[in-house]
Amino acid sequence: MGEMVGSQSQSSFKIILGSSSIARKKILAEMGYKFEVMTADIDEKSIRRESPEELVTVLAEAKVAVYEGTIREKPTSEEEARQFLRSYSQGHVSTVGSVLVTNLKTGIKHGGIDKAEVYFHDIPDEIIQNLIDERVVFNVAGGLLLEHPLILPFVDTLIGASDSVMGLPKALTEKLIQEALSYNAD
């Protein structure tokens, strides 16, 4: 894509993504932002000293899958992963994600929550087994991989945004970044 010459939005601030999630990195890149990834204890003071211009951290604090009122974290065993995926078959699951954007210059935080719902067709057992064998289901809340080529054909309806299910809702993130940049503390 090359450098975005003369783009004010690119040069005037720097974004730090507080998540090592591949999906979140991909989504933020798709949004056209350049960013660096820093996880765990982000030392905001050292960042601030190093660079006087405006800094923004985007932290997708959490994404959980909710099935029939129960919060599901990442599956911890093959049995649990199988149980999660089987339950989605001809059923539905919701995801709730929160995004927190902090302007490191002002220290002011802007946060929001986004929800999505996914309805599935019947997911065959061999597809479930393939997903478990790939081990990738163990990295996501509820074992839910909307964008995976094995799962995609079995998605019936999506209410909300697919990027929300993947962990970083674009519209909400964009809104919060703009708010963080335009809000100047007196």
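**Group meeting talk: salt bridges, strands and one buried valine**

Let's start with a pair of charged residues. Arg86 and Asp125 form a salt bridge, and their closest N and O atoms are 3.2 Å apart. This pair links distant parts of the chain: Arg86 is in helix α4, Asp125 is in helix α5, and 39 residues separate them. Keep in mind that this is a predicted model.

How exposed are the two partners? Arg86 is partly exposed, with a relative accessible area of 43%. Asp125 is partly exposed too, at 44%.

Now, how many salt bridges does the count come to? The count is 7. Here is another one. Arg135 meets Glu78, side chain to side chain, at 3.1 Å from N to O. Again, the pair links distant parts of the chain. Arg135 sits in the loop between α5 and β7, while Glu78 belongs to helix α4, residues 78-88. The two are 57 residues apart. Arg135 counts as partly exposed because its relative accessibility is 43%, between the 20% and 50% cut-offs. Glu78 has 36%, so Glu78 is partly exposed as well.

Lys26 and Glu30 both lie in helix α2, residues 22-30. They are 4 residues apart, about one turn of the helix. Their side chains meet in a salt bridge of 3.7 Å, N to O. Lys26 is partly exposed at 47%. Glu30 also has a relative accessible area of 47% and is partly exposed.

On to the strands. Strand β5 covers residues 92-103, and strand β6 covers residues 109-120. They run antiparallel, joined by 11 bridges. Which residue of β6 is the bridge partner of Leu100? That is Gly111. The hairpin of β5 and β6 has 5 residues between the strands. In this hairpin, Gly107 takes a positive phi near 80 degrees.

β6 also pairs with strand β7, residues 155-159. The sense is antiparallel, over 4 bridges. Here Glu117 has Ile159 in β7 as its bridge partner.

Last stop: Val64. Its place is in strand β3, residues 54-67. Is Val64 buried or exposed? Val64 is buried, because its relative accessibility of 17% is under the 20% cut-off. What does Val64 touch, leaving aside neighbours within four places in sequence? Its contacts include Ile71, Ser94, Val96 and Ala141. Val64 and Lys74 are 10 residues apart in sequence, and their C-alpha atoms are 8.7 Å apart in space.

Terms used. Residues are numbered from 1 along each chain as its sequence is written. This is a predicted model: local features need pLDDT of at least 70, side-chain atom pairs count only at pLDDT 80 or more; totals for chains, interfaces and linings use all residues. Side-chain values use heavy atoms; hydrogens and water are left out. Two strands pair if DSSP finds at least two bridges between them. Buried means under 20% relative accessible area, exposed over 50%, partly exposed in between (1.4 Å probe, protein chains only). Contact means heavy atoms within 4.5 Å. A salt bridge is a side-chain nitrogen of Lys or Arg within 4 Å of a carboxyl oxygen of Asp or Glu.
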